[in-house]
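Subject: Structure handover

Hi,

Here is the structure I promised to pass on. My notes follow below it.

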Amino acid sequence: LVNVTAPSPELIECARDTWGNESDRTDENARKAVADCTTDDVGYMGIDNAFYLNADMAEIAGVENGIYLFQGANADFAYDGDITYHEFGHALADQVNSLGGGQFNDEFGINDAPGALNEGFADYFSSALAEDAVVGGYVGERIYGSGGAIRTLDHTMKCPDYWTGEVHDDSRGFAAALWDIRARYQQEETNTTTGDEVRVFD
């Protein structure tokens, strides 16, 4: 799990130049180089996003694979548990099955169904763990205003109402179907040995 604040290109350039002239390359001097380069005009970019990078994509990007949570201009994505669960859902899908993202061409053009299914699974995974149909309530409130959320699995939209050609939008039908199916099954049962109420695995 990686929590990231993204430096601006100007900050990277300044720190790289400063670091290039530094003979004592300790962590302390690295932090000082960044601090000295940070001004009112040169600092950090607010990136309102989070994502999971699998090993293949991380290799292409030249970074480590994992979950990246950014401090955005409006909200810190690391503060939203739904977001962390969602990205972990992507990591789980990447490890245990072939529900990869992406798209392919069919007779109608570009089909983003694989990516939409991946996003829908990640949303369902998040909501099932949180026991709440709202995904990204903390972040959504700060980006979209009062009562906002990134997405909700509790809706009545039907295809093609939600279909826009963007994987997050297009995932909403699949995610809502999973959420509705979940509601049909009891979520807790009594352990016959201890008498404790046990949550059924979602």
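Start with E131, which sits in the loop between helix 5 and strand 8. Keep in mind that this is a predicted model. The phi of E131 is positive, near 55°, and the residue is not a glycine. E131 is partly exposed, because its relative accessible area is 49%, and the cut-offs for that class are 20% and 50%.

**Helix 5**

E131 follows helix 5. That helix runs over residues 113–130, which makes 18 residues. At 1.5 Å a residue it should span 26 Å.

Much of my attention went to its buried residues. They are G115, A116, N118, E119, G120, A122, D123, Y124, F125, S126, S127 and A128. Their packing partners include helix 4 (81–96), helix 7 (167–170) and helix 8 (172–183). Strand 8 (134–135), strand 9 (151–152) and strand 11 (197–199) are also among them.

**Helix 5 against helix 8**

The two helices pack at an angle of about 35°. Their axes are 8 Å apart. The crossing is right-handed. Helix 5 brings L117, G120, F121, D123, Y124, S127 and A128 to the contact. Helix 8 brings F174, A175, L178, W179 and R182. By class, the contact residues are 8 nonpolar, 2 polar and 2 charged.

**Salt bridges**

How many salt bridges does the structure hold? There are 2.

One joins R151 and D123, with the closest N and O atoms 2.6 Å apart. This pair links distant parts of the chain. R151 lies in strand 9 and D123 in helix 5, 28 residues apart. Both R151 and D123 are buried. D123 also takes part in the contact with helix 8.

The other joins D169 and R172. Here the closest N and O atoms are 3.9 Å apart. The pair still counts because the cut-off is 4 Å.

**One more backbone point**

Please check the peptide bond from C159 to P160. That bond is cis, with omega near 15°. P160 is in the loop between strand 9 and helix 7.

That is the list. Send back any questions.

Best wishes

Key: Residues numbered from 1 in each chain as written. Predicted model: local features only at pLDDT ≥ 70, side-chain atom pairs only at ≥ 80, totals over all residues. Heavy atoms only, no water. Helix = DSSP H or I, 4+ residues; strand = E, 2+ residues; numbered from the N terminus. Expected span 1.5 Å × (residues − 1). Buried < 20%, exposed > 50% of the residue type's maximum accessible area, 1.4 Å probe, protein only. Contact = heavy atoms within 4.5 Å. Axes fitted to C-alpha atoms, helices over the stretch in contact; angles between N-to-C directions. Left-handed = near helix turned anticlockwise from the far one by under 90°. Nonpolar A, V, L, I, M, F, W, Y, C, P; charged D, E, K, R; others polar. Salt bridge = Lys/Arg side-chain N within 4 Å of Asp/Glu carboxyl O.
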